[in-house]
Amino acid sequence: MLVFSGVAALNGYQAIYMLQRLHLEPSSLGTAILMTVVLNAGITMLVAPVIGRISDRLGVRKPFILAAAVILGLGLVLASTASNLPMYLVACTVVGLGQGVYFAVELVLATRILPDKTNPAKDLGILKIADNLPVTIVSALAPVLLAIGATSAGPNFSALFLAGAMASIIGGFAILFVRGAR
């Protein structure tokens, strides 16, 4: 859940960020968001199968979860400092790389450590809740983070994205404490 809090912050607030921080014209917002989606999804789909094969060969998942979390955190730090659309697109590409690494191993790791292997649907359902809950939590916490140091120029998107980066990285390190998986 922590790993994807940062992604939820980026995805949930990117339109406002592009308008207020990157000073995009409203008429170009749709195209800009489409570019972020294409870059993010494209990188994710290219990376996930490759990382999945490497992870299978090595027989480990935890290092890839940790790497994904750090990459996601880096992408969010880059987003927090982006001053123009090309820099923001680079940040979204890095986030897509992190997502690709994460998606390559997430379900494999989860199915290896199920508490009740005879009833996997319940446990995998909880995993999906953890994947989707960050959208709700970030939406509840974002106004507080955006208000920290806000000025007449607008909300503090850096606080939001950096909090997301920290959550992602903490989530990556938390995986190291999961027993029964490598």
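In the predicted model, His-23 lies in the loop between α1 and α2 (29-58). The backbone at His-23 has a positive phi of about 60°, although the residue is not a glycine. Most residues other than glycine have a negative phi. With a relative accessibility of 61%, His-23 counts as exposed, because the cut-off for that class is over 50%.

Apart from neighbours within four places in sequence, Ser-5 is in contact with Pro-134, Val-138 and Ala-167. Of these partners, Pro-134 and Val-138 fall within the residue range of helix α5 (residues 120-147).

Helix α5 also contains Asp-131. The relative accessible area of Asp-131 is 18%, and the residue is buried, since buried means under 20%. When residues up to four places away in sequence are not counted, Asp-131 touches Phe-4, Tyr-102 and Glu-106. Between Asp-131 and Ala-142, which are eleven residues apart in sequence, the C-alpha to C-alpha separation is 18 Å.

Two of the residues in contact with Asp-131, Phe-4 and Tyr-102, also take part in aromatic pairs. The structure holds seven aromatic pairs. One of them joins Phe-4 and Phe-103 in a stacked arrangement, with 5.5 Å from centre to centre and 15° between the planes. This pair links distant parts of the chain: Phe-4 is in the segment before α1, whereas Phe-103 is in helix α4 (residues 85-112), and the two are 99 residues apart. Phe-4 is buried, with a relative accessible area of 11%, while Phe-103, at 39% relative accessibility, counts as partly exposed. The rings of Phe-103 and Tyr-102 have their centres 6.2 Å apart and their planes at 65°, so this pair is edge-to-face. Tyr-102 counts as buried, at 8% relative accessibility. Elsewhere, ring pairs link Tyr-17, Tyr-88, Phe-157 and Phe-161 into a cluster.

As a whole, the protein has six helices and zero strands, and its elements run α-α-α-α-α-α from the N terminus on. The radius of gyration is 17 Å, close to the 16 Å that the globule rule gives for 182 residues, so the protein is as compact as a globular protein of that length. Along the principal axes, the C-alpha atoms fill a box of roughly 55 × 30 × 25 Å.

Of the 182 residues, 44% count as buried. Among contacts between residues at least 6 apart in sequence, 75% join residues at least 24 apart. The protein exposes about 9300 Å², of which carbon and sulfur atoms supply 72%. Its side chains include 11 positive and 6 negative ones, and the centres of these two sets lie 10 Å apart.

Note on methods:
Residues are numbered from 1 along each chain as its sequence is written. This is a predicted model: local features need pLDDT of at least 70, side-chain atom pairs count only at pLDDT 80 or more; totals for chains, interfaces and linings use all residues. Side-chain values use heavy atoms; hydrogens and water are left out. Helices (H or I, at least four residues) and strands (E, at least two) are DSSP runs, numbered from the N terminus. The radius of gyration is taken over C-alpha atoms; the globule rule is 2.2 Å times the number of residues to the power 0.38. Buried means under 20% relative accessible area, exposed over 50%, partly exposed in between (1.4 Å probe, protein chains only). Contact means heavy atoms within 4.5 Å. Accessible areas come from the Shrake-Rupley method with a 1.4 Å probe; for residues, only the protein chains shown count as cover. Lys and Arg count as positive and Asp and Glu as negative; His and the chain ends are not counted. The place of a charge is taken as NZ of Lys, CZ of Arg, CG of Asp or CD of Glu. Rings of Phe, Tyr and Trp (its six-membered ring) pair if their centres lie within 6.5 Å; planes under 30 degrees apart count as stacked, over 60 as edge-to-face and the rest as tilted.
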